[in-house]
Amino acid sequence: MCKKLISIAGFDEAVVFERAQLEQVAQHLSNNSHLLAGMLDKERYILSQLRMYNTKDCSYWVLRSLCEPTNILSSCTAVRVPVIFSSSKGCQSSTATIITDIATPVEYRRQGFATALLKNVQETLDKLDNPPMFSVIYTSGIHTDFVEKLGWKPQPGTRMRISIGRTEIPRPAQADRAQYYPADGLQYATSRDCNMSKQRLSAKRGGPTQVQILPTHKFALCKIDLSDMRASEIHGSKPAAAGAVYTSRAFLTKAWMWWTHDFEARQLHVCRFASMRVEGMEAHYAKILEAAMAEASACGLWEVVIWDPTAQFIAGARMVVAALNTDKLNGPEIILEPRYDKIPCLRWRGGEDVAAEWIERQMHSCF
Ligand SMILES: CC(C)(COP(=O)(O)OP(=O)(O)OC[C@H]1O[C@@H](n2cnc3c(N)ncnc32)[C@H](O)[C@@H]1OP(=O)(O)O)[C@@H](O)C(=O)NCCC(=O)NCCS
């Protein structure tokens with residue numbers, strides 16, 4: 001097990017860097033709870049997050065005082081996610097690590113603890129027998145400079161917000177419409193999505209290597225579970241619909257999406273959208289977006305948010321908004337803008353300068 005004694009300039013005692021054990025994980029989550037628990041009470045938040053403990057995908061790292069193992073000076077969570085990439089041999093598999101929940105308790109801030117923690121996490125990941133291909137930290141504001149100095153390069157992104165305001169958008173009624181599915185009906189879409197992503201990278205010829213974090217079923221359920229738990233806290237019940245799928249009658253091609261409800265920000269987050277064909281899917285996207293907007297409206301949410309929408313997806317959004325905006329007053333509106341928060345910052349294994357393109361950076365891989 002990795003455990004290191006470290007000295008920090010200006011701090012009298014030596015400190016320990018190690019992989020957290022259960023009690024330290026609970027303390028780490030407790031330190032983060034005021035930032036991340038939102039409407040959940042602290043205990044429920046910790047319990048919900050502890051479900052990830054003991055899975056091989058998740059590790060927690062702490063910098064702690066030498067004498068008191070639960071006196072945590074800085075800590076973070078590292079989630080290992082599956083990755084695929086294009087190569088001359090076709091599509092290959094690897095992993096990446098999402099580093100999240102980085103926190104230093106207020107009384108220990110600005111003494112270099114988070115810096116020391118992240119440098120040691122970097123080193124530990126790089127030295128693993130099977131190191132991740134890259135790691136990602138999602139940051140906002142001044143923290144972007146902080147992680148950039150440590151080697152995680154910001155990858156600016158865009159987002160589309162479709163504001164619904166207080167307009168009531170009914171569930172689509174026409175026969176040729178998208179169908180909703182619950183969280184436990186998601187498996188079809190996620191496994192199809194992963195297979196299709198692999199096929200597309202296999203077919204790629206030439207150009208820079210493309211890398212994609214796989215939108216797996218496991219992580220979809222993980223995100224939906226937490227959002228449902230928050231929803232139950234606020235509304236007493238969890239939303240029934242976790243996504244929508246549209247199958248065109250003529251060609252039987254499909255487009256689908258899955259989402260999470262953020263009742264605190266009053267947003268429906270489209271974590272993943274995908275379609276079976278690469279071209280000509282605008283009308284399909286319009287159908288599933290209409291379903292998403294109706295879901296947001298039914299749940300009292302004000303916006304549907306999508307990260308890094310493609311040109312076809314934006315065209316689909318324009319179609320559905322134009323169709324709903326018949327009176328031009330107070331109707332839905334599309335806002336396309338750069339993203340200033342949750343900016344993914346990426347560091348390749350060993351801090352190498354790699355000429356590769358990270359594609360499909362939707363919200364599914366943000367923890
Ligand atoms: C972000 C956070 C983890 C930094 O922890 P820390 O132990 O204070 O960080 P360090 O002491 O190693 O400082 C890291 C750098 O950030 C800068 N920094 C830290 N807090 C800052 C602040 N409030 N304003 C401006 N700069 C700040 C430091 O000056 C340092 O830069 P330097 O290396 O040029 O001196 C801590 O402030 C925190 O827990 N914040 C709340 C949780 C959060 O926002 N996490 C997201 C992190 S990506």
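Select helix H4 to begin: it gives the most to the shell around the ligand, with four residues. Helices (H or I, at least four residues) and strands (E, at least two) are DSSP runs, numbered from the N terminus. The model is predicted; local features need pLDDT of at least 70, side-chain atom pairs count only at pLDDT 80 or more, and totals for chains, interfaces and linings use all residues. Residues are numbered from 1 along each chain as its sequence is written.

**The ligand shell**

Which of the 18 residues around the ligand come nearest? They are Thr104, Arg109, Ala114, Thr115 and His143. A residue is near a molecule if its C-beta atom, placed from the backbone, lies within 6 Å of it. By class, the shell holds nine nonpolar, seven polar and two charged residues. Here Ala, Val, Leu, Ile, Met, Phe, Trp, Tyr, Cys and Pro count as nonpolar, Asp, Glu, Lys and Arg as charged, and the others, Gly among them, as polar.

**Helices H1 and H2**

Next, select H1 (residues 22–36) together with H2; their axes come within 9 Å and cross at roughly 120°. Axes are lines fitted to C-alpha atoms, for helices over the stretch in contact, and angles run from 0 to 180 degrees between N-to-C directions. Val25, Ala26, Leu29, Ser30, Ser33 and Leu36 in H1 meet Lys42, Tyr45, Ile46, Gln49 and Leu50 in H2 (contact: C-beta atoms, placed from the backbone, within 7 Å). This contact comprises seven nonpolar, three polar and one charged residues.

**Helices H7 and H8**

Then select H7 (residues 282–298) and H8 (residues 311–324), which pack at an angle of about 60° with their axes 7 Å apart. Glu282, Ala283, Tyr285, Ala286, Leu289 and Glu290 in H7 meet residues of H8 including Phe313, Gly316 and Val320.

**Confidence**

Finally, colour the model by pLDDT, the predictor's confidence in each residue, from 0 to 100. The mean for the protein is 92, and 99% of its residues reach 70 or more. Confidence is lowest in H2 (residues 42–50), at a mean of 83, and highest in strand E14 (residues 303–307), at 98.

Note on methods: Contact = placed C-beta atoms within 7 Å.
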